[in-house]
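Below is a short briefing on one protein model, grouped by topic. Please look over the sequence and the structure before reading the points.

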Amino acid sequence: MKHPEFKQPPGPDGSYFFGCLTEMRQNPMAFFTRVAAEYGGVAKIRFGRNKYSYLVSEPEFIRELLIKNKTSYIKNTRYKQLARVLGEGLLLSEGQTWSRQRKIAQPLFRLEALHAQVDRSRSDIANFADRLELLGSKNQFIDIEPEFSKLSQMLAGSWIMGDPFRARADEMAEIYLTATNAWPVAPRTALGSYRIPPIRAILTLKKAFSDFDRHIFAIISEFRRGGDSIDFGMMPALVSGHFEATGEELSDQRLRDQIVTLFIAAHETSGTGMCWIHYLLSKYPEVRDRVQLEVASVFGSKLPCAADLSRLEYVDRVIQESFRIYSPIHSLSRVAVEDNTIGGYHIPKGATVIVSLFATHRLAKYWKNPEAFDPDRFTEAESAKRPPFSYIPFAAGHRNCLGGTMAMLQAKMTVAQLSQRLKIDLMPGHPIELMPSTTMRMRYGMKVEIEPFEQRSNFEELPTSLQALA
Ligand code: HEM
């Protein structure tokens with residue numbers, strides 16, 4: 001019998017050659033959800049001859065992975081494509097570089113600084129609502145996915161790079177869209193990863209990266225030249241923080257890595273999250289009614305302000321529940337740098353450990369009827385019944401999301417402003433299919449119909465459950 005330290009977790013073996021690779025690639029979310037439900041908190045999954053990965057799903061074991069054993073793991077260095085774009089930025093850096101970068105960035109995420117930024121961005125969201133209204137009046141159906149992406153780029157870019165970004169936002173959004181369309185799609189068969197991507201896609205991607213960098217370096221050189229009346233976003237603090245910590249100047253290349261990392265971390269997730277929230281609101285009109293009523297009761301037809309967003313308790317629950325069902329980051333991946341144990345099971349050095357947020361957010365013992373959209377799961381009383389780490393859309397531990405609070409504030413500001421003015425409905429028959437890429441995207445985008453929303457004045461016509469909110 002093996003020493004208990006080497007106890008192996010249960011898990012599926014799949015077929016002789018490819019293990020579970022085919023099933024996982026065909027539908028990764030369904031696969032991880034099945035494995036988490038059938039094999040428990042830690043599962044060892046065979047992905048080929050002598051190739052195994054570990055899925056950690058139980059909240060207590062997620063705590064072991066991300067907190068108790070944190071020094072036994074690094075981020076998965078196999079995000080090669082992403083690493084090429086991000087360089088040595090906060091999301092993928094490790095060790096001292098990471099801890100220095102995090103310490104320097106942290107003060108930029110204090111609540112008062114975030115509130116001030118959210119208030120500054122109110123007019124961007126108002127302009128976005130104007131644009132949607134205009135598009136809605138011209139076309140019957142529009143794809144709102146690239147629109148939310150552009151909005152979240154504006155929110156992130158102007159926050160991180162200030163005025164010089166604003167001047168370039170449209171051009172950069174075009175480049176970003178080109179890169180997104182050419183980005184390799186996750187293979188759906190076992191042999192798919194051996195397929196060579198079409199040369200045209202490789203060249204398009206290469207050109208998009210270099211066009212994007214051209215803008216970023218132009219922004220950096222504008223910043224280096226200075227200007228008293230220009231807002232340069234986070235750049236001054238990142239540069240002076242680096243100098244104070246190391247006594248050295250931050251090079252243009254390293255500043256580029258930092259701002260591109262923050263920009264992508266902030267807007268990819270937020271844009272995709274915004275889509276899913278509005279998809280769910282369109283699918284559950286009774287929830288949308290409650291959202292509209294709460295926003296009306298707190299702000300009337302006034303432009304919402306950051307300080308009062310905390311009064312939108314129901315909207316908060318709606319966003320949390322959307323991030324449970326469609327967590328914009330659907331999974332975390334780590335590599336063990338030494339032998340260790342999770343849940344009493346042996347995890348060998350070099351092993352890949354995955355947490356599927358999608359699967360953990362659906363564990364039946366913590367989430368009754370997990371596919372149903374029910375924001376009231378997030379009342380204080382209901383949340384208190386669940387263990388910590390059962391809900392982790394922003395991860396947890398030392399590598400948790402630095403921008404979680406900002407993401408919630410911006411999502412609330414956007415939901416509030418849009419719900420004051422517009423009714424966004426999914427086009428009848430438009431297919432919604434999950435496309436887990438770096439973030440959880442929609443395979444066919446999100447075609448919607450947009451109409452101006454008329455504030456309801458006669459609350460007596462509403463069901464009594466909603467009148468209380470009015
Ligand atoms: C809905 C929006 C967002 C979601 C769901 C989200 C989620 C996450 C998750 C799950 C991680 C951990 C990834 C991992 O460990 O592999 C992460 C990391 C990170 N996020 Fe976010 N994020 C969001 C918005 C933002 C925003 C607005 C910012 C602002 C810049 C941001 C900055 C970061 C950074 C810098 C990290 C890396 C932290 C580190 O490794 O120390 N995120 N995010």
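Tyr-16 lies in the segment before helix 1 (21-26), where helices (H or I, at least four residues) and strands (E, at least two) are DSSP runs numbered from the N terminus. The model is predicted: local features need pLDDT of at least 70, side-chain atom pairs count only at pLDDT 80 or more, and totals for chains, interfaces and linings use all residues. Residues are numbered from 1 along each chain as its sequence is written, and side-chain values use heavy atoms, with hydrogens and water left out.

- Tyr-16 is exposed, at a relative accessible area of 54%; exposed means over 50%, buried under 20%, and partly exposed in between (1.4 Å probe, protein chains only).
- Together with Phe-17, Phe-18 and Leu-191, Tyr-16 forms a nonpolar surface patch with about 450 Å² of accessible area.
- Patches are made of residues with over 30% relative accessible area and no salt bridge, with nonpolar side chains (Val, Leu, Ile, Met, Phe, Trp, Tyr) joined within 5 Å and like charges within 9 Å.
- A salt bridge is a side-chain nitrogen of Lys or Arg within 4 Å of a carboxyl oxygen of Asp or Glu.
- Areas come from the Shrake-Rupley method with a 1.4 Å probe; for residues, only the protein chains shown count as cover.
- Arg-49, in the loop between strand 1 (42-48) and strand 2 (51-56), is exposed at 51% relative accessibility.

**Iron site**

- Cys-401 (SG) is the only protein donor of the ligand's iron atom, at 2.3 Å.
- Donors are N, O and S atoms within 2.8 Å of the metal (3.2 Å for Na, K and Ca); water is not among the atoms, so sites may look incomplete.
- Cys-401 sits in the loop between helix 16 (380-384) and helix 17 (404-421).

**Buried residues**

- Ser-93, in the loop between helix 4 (80-86) and helix 5 (95-105), is buried at 5% relative accessible area.
- A 2.8 Å polar contact links the side chains of Ser-93 and Gln-101.
- Leu-418 belongs to helix 17 and is buried, with a relative accessible area of 1%.
- Beyond four places in sequence, Leu-418 is in contact (heavy atoms within 4.5 Å) with residues including Phe-128, Phe-148 and His-278.

Terms used
Polar contact = N/O pair within 3.5 Å; in protein donor to acceptor, adjacent residues only side chain to side chain.
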